[in-house]
Amino acid sequence: MRDARGQIRRLPGLRLWLSGGWLTFLVLAAVFAPLISPHDPLAQDLFAGRLPPVWEQGADPAYLLGTDSLGRDVLSRMLHGGRLALIVALVAGTLTCLIGASLGLIAGYYRGWADLVISRFIDIWMAFPPVLFAILLIAVIGTGLMSVIIAIVVIDWTRFARVVRAEAMSQGAMDYVASAQVAGRSRLGTALSEILPNVLPTIVALLTLEMGIAVIVEAILSFVNLSISTDQPTWGGMIAEGRTSIYQAWWVLVFPLFALFLTVLSFSQLGEGLKDHFDPVLR
Amino acid sequence: MPIVRALLTRLITTFITLFGAAVIVFVVIRVVPGNPIAMMLPPGATEADIDRLKTLYGLDKSILEQFLIWLGNVAQGDFGTSITLRQPVYDLVIGRLPATLELSIMALLIAVVLGGAAALTATLYRGSRVEGGIDVAGGIALSLPDFLWGLALILLFGVLWPLFHISGRISPSLGFDFSSNFFLFEAIARMRFDVVADLMGHMLMPALALAIPLAAIILQLLKQSLKECMHDDYITLARTKGYSESSIILRDALPNAILPTLTLIGVQFTFLIGGTVIIERLFSYEGLGNMAIDAVINRDLPLIQGIVLVFALLFTLVNLLVDMTYAALNPRLRHA
C-alpha cells in the first residue's frame with residue numbers, strides 16, 4: 001500500500017513535465033510553422049509522390065518525413081496542421097468551458113426551474129451519439145474553422161455543465177455558503193466569490209481534458225471530410241488520406257497519427273495531473 | 001409505494017427526453033441549406049415536377065404541420081423513404097441495426113473481461129510493480145479515445161502484423177446465406193464455426209478499439225472498490241480461515257465491490273454505442289453509424305432523422321434499463 005502511494009505521488013511530476021514539454025514544443029512549432037516548414041504545405045510535386053522518409057531507401061533528403069500521393073511534404077503539412085489543431089483546442093475548449101460551466105453553476109446553485117430546464121437539456125443531449133451530432137451540425141452549418149468550433153461547443157457543453165452542476169450543488173449545501181448569505185452577500189455575489197473559487201480546480205482540469213477532446217473531434221471531422229476546407233492541411237485529413245494508401249505509404253498515416261497521439265495524451269495527462277494536484281487527499 | 005412513483009417519474013422523464021430529441025432532430029434538419037428536392041430531379045425538370053415532389057414528401061406544408069405528420073408516422077413505425085436509396089427508412093435501419101448491436105455487445109464483453117481481469121490482477125498484486133504497470137497501462141488506455149485506438153490497431157494488426165481483417169463485416173467469398181441480419185448470433189446458432197471465425201476476424205479490431213477506453217474505466221473503479229473492501233472484517237475472517245488470497249478476492253471481495261462498477265458499465269455502454277459511428281466508418285463496417293455518415297454527406301433527410309432517432313431511442317432505453325437494474329440490485333433502494 002505504502003509503495004503504491006509513493007508511486008502516485010512521484011508520477012504526477014514526471015507526467016506534468018512530459019506532457020507540458022510536448023505541448024510547449026507543439027505551440028512553438030505551430031507559431032513558427034511558416035518559418036520552419038521546409039516546403040509549402042500545399043505545393044504539389046507529382047514527380048515526388050509517395051517518397052518515403054529520409055532513413056528509408058529511395059528517399060529524397062529534401063523531404064524529411066516523405067511525401068503523400070500528390071507529392072506534398074508530410075512534415076510541412078504536419079506543422080501547419082498542428083496550428084489548426086491548437087487553435088481549435090484553445091478556442092473551442094475555452095468557449096465550451098465558459099458556456100458549460102456557467103450553465104452548470106446556474107443549475108447547481110440557483111436550482112429551481114433553471115436547474116429543471118438545464119438538466120432536461122443535458123438529458124436530451126445525452127441521448128445523441130456525439131460524433132453523429134457533430135457531423136450532422138457541420139452538414140447543416142457548413143464546413144470551416146468556425147463551424148468546427150461551434151459544433152464542439154454545441155455537443156460538449158454538457159460535459160462541463162454536468163460536473164460543475166454537481167460540484168456547485170454539494171458546495172452550496174456547505175456552511176460557509178450559508179454564512180456568506182447570513183452576512184448579507186447577494187446570491188450572485190455568493191455564487192461568484194464563494195462557490196466559483198471552490199469549483200475552479202475541477203473546471204481547470206476539465207478544460208485541459210476538453211482541449212484534447214477538441215483536437216480529436218476536429219481530427220474525426222477532417223477524417224470524414226467535414227472539417228476545415230480540404231485546402232488546409234489538418235492531421236485528421238492527413239490520416240484519412242493515409243488510411244486509403246496505408247499499404248503503399250505508411251508514413252502519411254503514421255506521423256500525423258503519432259502527433260495526434262502525443263497531443264491528446266499530453267492534454268489528458270496534464271488534466272489528470274492537475275486534478276491530482278488540486279485534490280487535497282492526494283496532496 | 002415510493003418505488004412505483006419513482007419508476008413512473010423515470011418513465012415520464014424518458015418520454016420527455018425522447019420527445020425533446022425528436023424536436024431537436026427535426027429542427028436541426030429543417031435548417032439544412034441545400035434543397036433535397038433539387039438533388040432528386042433530373043436536369044430540365046419543370047416547376048410542376050418540383051411541386052409534385054414537394055407534395056409527395058409533404059414539404060409544401062407548414063413546419064409545425066410537417067413535424068406533427070412526421071411524429072405521427074414515426075409513432076406508427078413509418079420513418080419515410082430514403083431519398084438516395086429509395087427504400088423505406090425503417091427497413092434500412094432495421095437491416096443495419098443488428099450489425100451495430102453485435103459490434104457494441106462484443107465490445108462490451110471484451111471491455112468487461114479485459115478491465116475485470118486487470119482489476120483482479122492488480123488487487124492480487126497490490127503494492128507491487130505489477131500494480132504499477134497495470135495502473136500506467138490503464139492511464140494510457142483511458143487517455144486516448146476509441147478513434148485513435150482504432151487507427152493504432154489498424155497499423156499494428158492490419159499492416160505491420162496482418163492477423164485480422166481491417167475492413168468490412170464478412171468476407172464476401174464465404175458465400176454464406178444468412179436468414180437474419182444478426183450474422184454472428186445466427187452463425188453460432190447454426191454451428192458454422194468457419195463463418196463465426198470469419199465474422200470474429202472482422203469484428204475483433206473495431207470491437208477492441210471501442211473496448212479499450214471502457215476497460216480502463218472498469219479497471220480503475222473496480223480496483224478502487226476492491227481495495228476498499230480488502231480492509232473489511234469479513235476479509236480478515238476469511239484470511240484467518242486460511243483461504244488463499246485469490247479465492248478471497250474472487251469469492252468475498254468481488255461480490256461486495258461490483259455494484260458501482262455495474263452501474264458505471266451501464267452508463268458507459270451508451271458512450272460505447274455512440275463510438276460505433278466513427279469506428280464503423282474507420283473499419284468500413286456495414287452498420288448503422290457508417291450508414292448515418294453517408295446519409296449526412298448525401299443530405300438524405302428522412303434517413304438521417306430515422307437513424308438519429310433510433311440511436312436516441314437506444315440510448316434512453318439503455319439508461320432506463322440501467323436505472324431499473326440498479327434499483328433491483330441495490331437493497332437500499334429496494335426497500336426504500
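Read along its sequence, chain A follows the pattern α-α-α-α-α-α-α-α-α-α. That comes to 10 helices and zero strands, where helices (H or I, at least four residues) and strands (E, at least two) are DSSP runs numbered from the N terminus.

This is a predicted model, in which local features need pLDDT of at least 70, side-chain atom pairs count only at pLDDT 80 or more, and totals for chains, interfaces and linings use all residues. Residues are numbered from 1 along each chain as its sequence is written, while chains are lettered from A and ligands numbered from 1 in the order in which they are written.

**Stop 1: chain A.** Select chain A and show its C-alpha trace, which spans about 75 × 50 × 35 Å along its principal axes. Of its 283 residues, 48% are buried. A residue is buried if 20 or more other C-beta atoms lie within 10 Å of its own, exposed if 12 or fewer, and partly exposed in between, with C-beta atoms placed from the backbone.

**Stop 2: helix H7 of chain A.** Select residues 175–182 of chain A. The number buried among these eight residues is zero, so helix H7 lies largely in the open. Then pick A:Gly184, which follows H7(A) and has a positive phi, near 95°.

**Stop 3: where the chains touch.** Show both chains. The contact takes 33 residues from chain A and 38 residues from chain B; two residues are in contact if their C-beta atoms, placed from the backbone, lie within 7 Å. Which helix gives the most to the side of chain B that touches chain A? H1(B) does, with seven residues. That side of chain B divides into 25 nonpolar, nine polar and four charged residues. Here Ala, Val, Leu, Ile, Met, Phe, Trp, Tyr, Cys and Pro count as nonpolar, Asp, Glu, Lys and Arg as charged, and the others, Gly among them, as polar.

**Stop 4: the core.** Select A:Ile135 and B:Ile307, the residues with the most contacts inside the largest nonpolar core, which has 170 residues. Such a core is a set of buried Ala, Val, Leu, Ile, Met, Phe, Trp, Tyr and Cys residues joined through C-beta atoms within 7 Å. Leaving aside neighbours within four places in sequence, A:Ile135 is in contact with A:Val224, A:Leu226, B:Ile293 and B:Val296.

**Stop 5: B:Phe67.** Finish in helix H4 (residues 63–75) of chain B, where B:Phe67 is found. B:Phe67 counts as partly exposed because it has 16 C-beta neighbours inside 10 Å.
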